[in-house]
Amino acid sequence: MQYISRYRSPIGNILLAADEIGLTGLWFEGQTYFALYLDKEKYLRGHESEIILFEAAAKALREM
């Protein structure tokens with residue numbers, strides 16, 4: 001199963017992707033190959049998931 005989340009960073013919006021094992025992708029909006037292997041229906045419709053992994057990723061991004 002794929003999970004997605006969006007994160008607003010000071011340098012641009014980021015799309016994060018994960019599966020049951022861990023983080024599988026992180027893209028800045030508009031970057032080459034943006035969300036290339038994701039289920040297009042899911043991220044285009046905004047089906048975001050709240051999983052602990054995304055909370056940890058957001059925390060790490062804030063601390064950078």
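**View 1. Serine 5 lies in strand β1.** Strands (E, at least two residues) and helices (H or I, at least four) are DSSP runs numbered from the N terminus. This is a predicted model, in which local features need pLDDT of at least 70 and side-chain atom pairs count only at pLDDT 80 or more, while totals for chains, interfaces and linings use all residues. Residues are numbered from 1 along each chain as its sequence is written, and side-chain values use heavy atoms, with hydrogens and water left out. Serine 5 has a relative accessible area of 12% and is therefore buried (under 20%, with exposed over 50% and partly exposed in between; 1.4 Å probe, protein chains only). Beyond its neighbours within four places in sequence, serine 5 is in contact (heavy atoms within 4.5 Å) with Ile14, Leu15, Leu16, Glu48, Ser49 and Phe54.

**View 2. The largest nonpolar core has eight residues.** Its members are Tyr3, Tyr7, Ile14, Leu16, Ala18, Phe54, Ala57 and Ala58, a core being a set of buried Ala, Val, Leu, Ile, Met, Phe, Trp, Tyr and Cys residues joined through side-chain atoms within 4.5 Å. Two or more residues come from each of β1 (3–9), β2 (12–18) and α2 (52–62). A second, separate core of six residues includes Leu15, Ala17, Ala35 and Leu38.

**View 3. Strands β2 and β3 form a hairpin.** Four residues stand between the two strands, which run antiparallel and are joined by five bridges, β3 covering residues 23–28; strands pair if DSSP finds at least two bridges between them. Leucine 16 has leucine 26 of β3 as its bridge partner.
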